[in-house]
Structures are given as C-alpha cells and as structure tokens.
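The entries below follow the order in which I went through them.

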Amino acid sequence: MSSDGFQGAVARADSYHVGDVVPVSGFDTVSAGTNVLISGPPMLGKRRLALELLAVGTPDEHAIAITPDTDGDRLRSTYEGLPDGDPDRLHVVDCTGATGKGSMDDTEAIKYVGSPGDLTGIGMGIVKCTRDIGREVEAGLRLSVLSLSTILQYADSQRMFNFLHTITGRVSAANYLGIATLDPTTQNTQEVNTLTSLFDAVVELREADDGTREMRVVGLPDAPRTWVSF
C-alpha cells in the first residue's frame with residue numbers, strides 16, 4: 001500500500017464512543033488505535049454490527065468502509081438507514097468490481113477498485129478517502145474492512161496478512177478505530193489464528209441452542225468473556 005497521504009493523517013481522539021452497539025460491560029468506549037475484529041458464521045449480522053460501530057461516532061468523526069461484496073451505493077443506503085447513520089461522514093472504497101451505474105469513475109463519496117484482489121488499489125482508495133477528509137480526520141476516523149473472508153477468495157493468505165498488517169498498523173499509529181469482519185468457517189484454523197492475532201479485541205458471534213444470537217468480547221481486560229444475547 002502506498003503510504004502517501006495516509007501516514008500523515010493522524011486523529012487526536014483519545015477514545016471512541018461505542019455506546020450499547022456491543023452490549024458487553026466495559027465495551028462502551030474503546031481506546032484510540034484499537035483494532036476490533038467481528039468474527040462469526042454467516043447470517044448473524046456481522047456487517048450490520050460493523051456499520052453500527054461506524055455510525056455511532058460523534059458528528060465530527062469520519063468513517064471509511066471497504067466493501068468487497070456490496071456495491072457502494074447500496075452500502076451507503078443501508079448506512080443512512082441506521083439511527084446514527086450520517087451519509088456525509090461515510091466514505092466508501094467499493095472493490096466489488098461492478099457498479100449498477102455502469103461507471104467506475106470515483107465520486108466524492110465512493111472510490112472504485114476493479115477487484116477485491118487488488119489490494120494495492122484498495123490501499124490507494126483509502127489514501128484518496130483520507131485526502132478528501134483532510135484535517136477533519138483529527139476529530140477521529142473509523143476504518144472498516146467489511147468481509148475479510150470475501151477478499152481472501154481473491155488474494156492469498158500471505159498477501160492478505162501483509163495488507164492487513166499495514167492497515168492495522170496505521171490504525172494504531174494514527175489513533176483511528178479499526179473494524180473488520182471475518183467468517184472463520186471459510187478459512188482453516190491456522191489462517192484464522194494468524195489474522196486474528198493482528199487485532200486487539202475480537203467480538204465473537206454465535207447462534208445459541210434456542211436460535212437466538214449471542215456475542216462476547218475477547219482480548220480486552222475490562223470486558224467479561226461471558227456470552228450475552230443481542
């Protein structure tokens with residue numbers, strides 16, 4: 001990834017408000033520079049939870065979403081429907097490789113990349129977004145990769161690890177909040193453990209025996225590791 005522009009954009013935030021999006025004690029506020037992985041099988045709401053974590057920020061914060069499987073316009077529409085979803089704060093890197101409008105020319109709100117496997121292009125998309133945000137990034141930036149699992153269908157695990165290592169490193173160095181989603185059932189245990197090691201905290205999702213959804217937070221000392229319904 002080119003670091004031009006991305007390296008210089010540093011937030012002055014000390015922490016990020018999370019509220020009750022993740023209803024786990026000790027997780028209502030997250031320290032700046034934290035990388036959070038949302039991990040769970042399909043159909044449990046990983047993407048919506050990630051979008052809610054982007055949307056719950058203060059009015060001055062910005063958010064970037066990298067989307068490999070939902071086109072940028074549809075993602076922005078979903079985001080706008082959330083209680084705190086202000087589309088003016090959301091910048092999208094659409095790497096689905098397809099757009100319903102027939103054009104992949106960048107707009108102010110959406111930067112386009114030809115394929116989920118073009119990790120260099122995704123990195124440049126992030127750089128373009130941070131350039132557009134400019135000095136307003138000082139108020140805080142939430143940076144998300146929606147579905148590592150989808151990108152891993154197009155990029156081998158070593159390239160993915162290197163890419164993600166750069167992303168999470170920038171999040172830590174620049175006081176951002178990093179968020180990513182992963183379906184661990186699509187990768188082998190070693191790959192899952194390797195990717196998970198890059199994150200400070202993991203929000204694990206599961207389906208309970210009665211069919212309801214449960215979550216717990218692993219990795220933060222103040223958060224209990226008990227399962228709670230959501």
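I looked up the second largest cavity and got a volume of about 30 Å³. I worked on a 1 Å grid over the protein atoms alone, where a cavity is a set of points that a 1.4 Å probe fits but cannot get out of, and a pocket is an open set with protein on both sides within 12 Å along at least five of seven lines; lining residues have an atom within 4 Å of a point. Points are joined across faces, edges and corners, and the volume is the space filled by probe spheres set on them.

This is a predicted model, in which local features need pLDDT of at least 70 and side-chain atom pairs count only at pLDDT 80 or more, while totals for chains, interfaces and linings use all residues. Residues are numbered from 1 along each chain as its sequence is written, and side-chain values use heavy atoms, with hydrogens and water left out.

Around the second largest cavity I listed Val18, Phe27, Val30, Val36, Leu53, Leu177 and Ile179. I sorted this lining into seven nonpolar, no polar and no charged residues. For the classes, I counted Ala, Val, Leu, Ile, Met, Phe, Trp, Tyr, Cys and Pro as nonpolar, Asp, Glu, Lys and Arg as charged, and the others, Gly among them, as polar.

Next I checked α1 and found seven of its 10 residues buried, meaning under 20% relative accessible area with a 1.4 Å probe, protein chains only. I noted Leu53 among the buried residues of α1, along with Lys46 and Leu49. I took helices (H or I, at least four residues) and strands (E, at least two) as DSSP runs, numbered from the N terminus.

I then turned to the largest cavity, at about 50 Å³. Ile179 also turned up in this lining, together with residues including Asn35, Leu143 and Phe199. I found that α5 (157-173) gives the most to this lining, with four residues. The lining has eight nonpolar, four polar and no charged residues.

Last, I looked at the open sites. I recorded about 300 Å³ for the largest pocket. Of its 16 lining residues, I noted Pro42, Lys46, Arg47, Asp69 and Ser147 as the closest to the centre. I counted five nonpolar, seven polar and four charged residues in that lining.

For the second largest pocket I recorded about 160 Å³. Its lining includes His62, Arg76 and Glu136, and I counted four nonpolar, two polar and five charged residues there.

Definitions and conventions
Buried means under 20% relative accessible area, exposed over 50%, partly exposed in between (1.4 Å probe, protein chains only).
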